[in-house]
Amino acid sequence: MKNVLTIAGSDSSGGAGIQADLKTFAAHGVFGMSVITAVTAQNTQGVFAVQDITPAIIARQIDAVFDDIAVDAVKIGMVSQAATIQAIAAKLKEYAAPNIIVDPVMVSSKGDYHLLSPDAENLLIHELLPQAILVTPNIPEAEVIAGKTIRTLPDMEAAAKTIWELGPHNVLIKGGHLAGDSTDILYDGTAFAYFRARRIATKNTHGTGCTLSSAIAANLGRGLSVAEAVAAAKEYITTAIEHSLSLGKGAGPTHHFYSLYKRAGMLEE
Ligand SMILES: Nc1ncnc2c1ncn2[C@@H]1O[C@H](COP(=O)(O)OP(=O)(O)O)[C@@H](O)[C@H]1O
Ligand SMILES: Cc1ncc(COP(=O)(O)OP(=O)(O)O)c(N)n1
């Protein structure tokens, strides 16, 4: 079995963050491990409070994993503070961690809570992106990192080129926040690949970015190429959104195990 690590924040409602990542790893048949960077009090309606874990404890969690277990891929999600990013970047360099995917979580989808402090943005860009095999910003995150407005597919392509210049091997800009088809674009420094899905009419998209990046990490850990890993993850997230769960009063979570449960005959009518 392959072993995949998520370095991210906890979501008490289970739809995003560490909880979404571990469910996604389980659905992909890889062994999931977690380094927790922050504990959030959130639900389908928003984020209400955040308690950051100290950089020293984050570093100790990374040591505990890498000193003992072979890691095949690492997904980085919510990293909140500058000192947190410094600690993670130094440790991943020390262990020469393979297949690092950076999901630059900046603001929760409700737009009401900053999950990355403004002074940490610069460090994320200059310390973590150069170590990444892939970075997966959504449209607002890509706008911040590239310093460009994105309204169209050509705008996404221009931003992907600018972000690639910052050092990641590949850039995937997710199109969930644009109107029309949900098209994600992948840039490897030479060419673009396009991953299209029809837009699903639902409010239940809590944790879609976390789930997509974890699925890609699992696929990379299992030995797929970046383009193959993204293609399979796109199918997975589309099914998970299609069968999302109407839990809570706000944006519900996606269904991480729909395909597995269907195959096992475990779905309720
Ligand atoms: N309504 C939707 N229908 C189909 N795919 C979607 C929808 N919303 C998001 N996606 C897809 O979910 C993934 C996560 O995208 P996005 O929502 O942009 O990221 P984030 O959760 O980081 O804001 C992408 O593959 C995107 O295309
Ligand atoms: C703890 C934690 N990490 C990340 C997020 C953001 O999740 P994401 O999948 O990017 O998108 P939304 O849930 O905001 O749509 C989070 N909310 N909490």
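**Figure 1. Contact of helices α2 and α3 in a predicted model.** Pro 55, Ile 58, Ala 59 and Ile 62 of α2 meet Ala 83, Thr 84, Gln 86, Ala 87, Ile 88 and Lys 91 of α3; two residues are in contact if their C-beta atoms, placed from the backbone, lie within 7 Å. By class, this contact of α2 with α3 holds seven nonpolar, two polar and one charged residues. Ala, Val, Leu, Ile, Met, Phe, Trp, Tyr, Cys and Pro count as nonpolar, Asp, Glu, Lys and Arg as charged, and the others, Gly among them, as polar. Helix α2 spans residues 55-66 and helix α3 residues 82-94; their axes come within 9 Å and cross at roughly 25°. That makes α2 roughly parallel to α3, where angles under 35 degrees count as roughly parallel, over 145 as roughly antiparallel, 65 to 115 as roughly perpendicular and the rest as oblique. The crossing of α2 past α3 is right-handed: a crossing is left-handed if the near helix is turned anticlockwise from the far one by less than a right angle, and right-handed if clockwise. Axes are lines fitted to C-alpha atoms, for helices over the stretch in contact, and angles run from 0 to 180 degrees between N-to-C directions. Helices (H or I, at least four residues) and strands (E, at least two) are DSSP runs, numbered from the N terminus.

Residues are numbered from 1 along each chain as its sequence is written, while chains are lettered from A and ligands numbered from 1 in the order in which they are written. This is a predicted model, in which local features need pLDDT of at least 70 and side-chain atom pairs count only at pLDDT 80 or more, whereas totals for chains, interfaces and linings use all residues.

**Figure 2. Contact of helices α3 and α4.** The axes of α3 and helix α4 (residues 118-128) come within 8 Å, crossing at roughly 15°. The two helices α3 and α4 are therefore roughly parallel to each other, and α3 passes α4 in a right-handed crossing. From α3, the contact takes in Ala 82, Ile 85, Gln 86 and Ala 89; from α4, it takes in Asp 119, Ala 120, Leu 123, Leu 124, Glu 127 and Leu 128. Its composition by class is seven nonpolar, one polar and two charged residues.

**Figure 3. Contact of helices α5 and α6.** Helix α5 (residues 139-146) packs on helix α6 (residues 153-164) at an angle of about 55°, and their axes are 9 Å apart. That makes α5 oblique to α6. Here α5 passes α6 in a left-handed crossing. Ala 142, Ile 145 and Ala 146 of α5 meet Ala 159, Thr 162 and Ile 163 of α6. These residues divide into five nonpolar, one polar and no charged.

**Figure 4. Surroundings of ligand 1.** Ligand 1 is surrounded by 19 residues, the closest being Asn 138, Lys 174, Gly 176, Ser 182 and Gly 209; a residue is near a molecule if its C-beta atom, placed from the backbone, lies within 6 Å of it. Elements giving two or more residues to this shell are β8 (182-187), α7 (208-221) and α8 (226-242). Helix α8 gives the most, with four residues. The shell has five nonpolar, 10 polar and four charged residues.

**Figure 5. Ala 38 in strand β2.** Ala 38 lies in β2 (residues 31-43). Ala 38 is buried, with 21 other C-beta atoms within 10 Å; a residue is buried if 20 or more other C-beta atoms, placed from the backbone, lie within 10 Å of its own, exposed if 12 or fewer, and partly exposed in between. Leaving aside neighbours within four places in sequence, Ala 38 is in contact with Gly 9, Val 50, Gln 51, Asp 52, Ile 53, Met 78 and Ser 80.

**Figure 6. Positive phi at Ser 80 and Ala 96.** Ser 80, in the loop between β4 (73-76) and α3, has a positive phi of about 45° although it is not a glycine. Ser 80 is buried, with 21 other C-beta atoms within 10 Å. Ala 96, in the loop between α3 and β5 (100-102), has a positive phi near 45°. Ala 96 is exposed, with 8 other C-beta atoms within 10 Å.
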